[in-house]
Amino acid sequence: MTRCAVLVVAAGRGQRFGGSLPKQYAPLKGERLLHRTLRAFTSHPNISRVLVAIHPDDSAIFAETAVGLEVQSVFGGATRQDSVLRGLEALADDPPDYVLVHDGARPMISARLIDAVIDGLSTAEGTLPVVPVVDTLKKVDGDAVGATVPRDQLVRAQTPQGFRFSAILAAHRKYAGESLTDDAAVMERAGQRVITVIGDEANVKVTTMDDLARLTAVLSETRIGQGFDVHKFGPGDHVTLCGVKVPHANALEGHSDADVALHAATDAILGAIGAGDIGQHFPPSDEKWRGAPSDKFIQHAHELLTQQGGSLVHLDITIICERPKVGPHRQAMVNSVARILGVGGGRISVKATTTEGLGFTGRGEGIAAQAVATVRV
Ligand code: MG
């Protein structure tokens with residue numbers, strides 16, 4: 001069987017990225033970018049070995065990133081070309097038939113593309129995934145537009161680039177120290193035949209913070225959480241629903257302000273991000289929360305959502321009772337929830353229903369509330 005190793009180049013400092021963390025270690029949906037990249041290869045059935053060229057300063061963060069992955073590492077050099085040569089030399093101890101060289105900062109690599117790059121090596125010394133240039137290309141001098149560049153022979157090169165191992169090792173050894181920007185260029189320099197395979201527009205290279213933000217948006221998903229709560233009536237002259245005081249012949253009993261609507265809404269948001277329930281975050285046994293406004297509870301849930309890089313798309317609350325009548329206060333409740341969460345009123349819905357005199361709400365023993373939260377994470 002043909003043995004195919006992968007060399008992932010992750011030794012760069014990412015000067016164009018900003019921040020203290022090299023881009024390959026930036027978090028992407030709760031996972032380091034490099035981890036996602038490596039996972040694509042370690043989970044592929046035709047890859048026999050994965051080696052990562054890292055910067056010596058990144059030893060600790062790499063060790064943490066690679067936990068649970070079957071990968072090895074080698075220290076890279078001052079340039080990308082140097083890092084690749086060092087990686088190839090490390091693989092030469094137990095030389096594979098093929099090697100794929102891949103940028104650590106391209107986390108969206110698909111199994112299909114890995115297969116295509118490997119398949120191409122049955123007929124050539126090297127394979128290069130390419131995507132078409134769709135925009136018109138111009139030569140410019142400062143802000144003056146000059147000639148239009150014909151693009152019919154131009155493509156954009158991606159990675160992984162695949163090579164027969166002995167050919168790429170020989171080429172890299174021979175042209176070490178030259179500043180060639182990718183490995184296909186090293187093979188071209190050595191006069192070896194490299195063929196193209198169809199690349200993948202989704203296989204983007206993360207170079208700037210904007211790239212990372214775009215990728216995060218592409219990978220975001222919609223989640224839904226639901227919440228339910230009940231509080232019973234006791235003596236008093238008002239209830240608090242969605243943070244709005246509503247005069248009534250009774251009050252709702254509860255440890256906090258007993259805002260049954262905000263409690264259901266809090267649980268809905270917590271549910272959407274799998275963060276447990278309100279009782280877990282604010283135990284009724286804790287004296288701290290006696291009489292507390294429920295704003296705090298829902299703001300905390302919303303903060304947890306934000307910390308996960310998520311945002312509230314919509315919150316739909318249904319209050320279930322015969323009395324008090326919710327209708328006259330509905331808009332005030334929408335405004336109140338929007339203000340508490342700092343979101344637009346268009347993202348909040350408050351509805352009410354009776355149970356036609358049936359059950360505990362029908363008998364006027366208390367109020368129930370349901371909520372559904374839709375979030376993007
Ligand atoms: Mg409650």
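Me: In this predicted model, is the crossing of α8 and α10 left-handed or right-handed?
Reply: The two helices pack with their axes 9 Å apart. The angle between them is about 15°. Angles under 35 degrees count as roughly parallel, so α8 is roughly parallel to α10. Their crossing is left-handed.

Me: Which residues of α10 make the contact with α8?
Reply: From α8, the contact takes Leu 262, His 263, Ala 265, Thr 266, Ile 269 and Leu 270. By class, the contact of α8 with α10 has nine nonpolar, three polar and one charged residues. On the α10 side stand Asp 295, Phe 297, Ile 298, Ala 301, His 302, Leu 304 and Leu 305.

Me: Is α10 oblique or parallel to α11?
Reply: Helix α10 spans residues 295-307, and helix α11 spans residues 330-341. They pack at an angle of about 55°, with axes 9 Å apart. Roughly parallel needs an angle under 35 degrees, and roughly perpendicular starts at 65. The angle therefore makes α10, relative to α11, oblique.

Me: How many residues apart are Asp 229 and His 263?
Reply: Asp 229 sits in strand β13, residues 222-235. His 263 sits in helix α8, residues 260-272. The pair links distant parts of the chain, with a separation of 34 residues.

Me: Is Asp 229 buried or exposed?
Reply: Buried means under 20% relative accessible area. Asp 229 has 18% relative accessibility, so the residue counts as buried.

Me: What is the relative accessible area of His 263?
Reply: His 263 is buried, and its relative accessible area is 7%.

Me: What covers the buried residues of α4?
Reply: Helix α4 runs over residues 111-120. Its buried residues are Leu 113, Ile 114, Ala 116, Val 117, Ile 118 and Gly 120. The cover includes helix α1 (33-42) and the strands β1 (4-10), β6 (98-103), β7 (126-132), β11 (161-164) and β12 (194-198).

Notes:
Residues numbered from 1 in each chain as written. Predicted model: local features only at pLDDT ≥ 70, side-chain atom pairs only at ≥ 80, totals over all residues. Heavy atoms only, no water. Helix = DSSP H or I, 4+ residues; strand = E, 2+ residues; numbered from the N terminus. Buried < 20%, exposed > 50% of the residue type's maximum accessible area, 1.4 Å probe, protein only. Contact = heavy atoms within 4.5 Å. Axes fitted to C-alpha atoms, helices over the stretch in contact; angles between N-to-C directions. Parallel < 35°, antiparallel > 145°, perpendicular 65-115°, else oblique. Left-handed = near helix turned anticlockwise from the far one by under 90°. Nonpolar A, V, L, I, M, F, W, Y, C, P; charged D, E, K, R; others polar.
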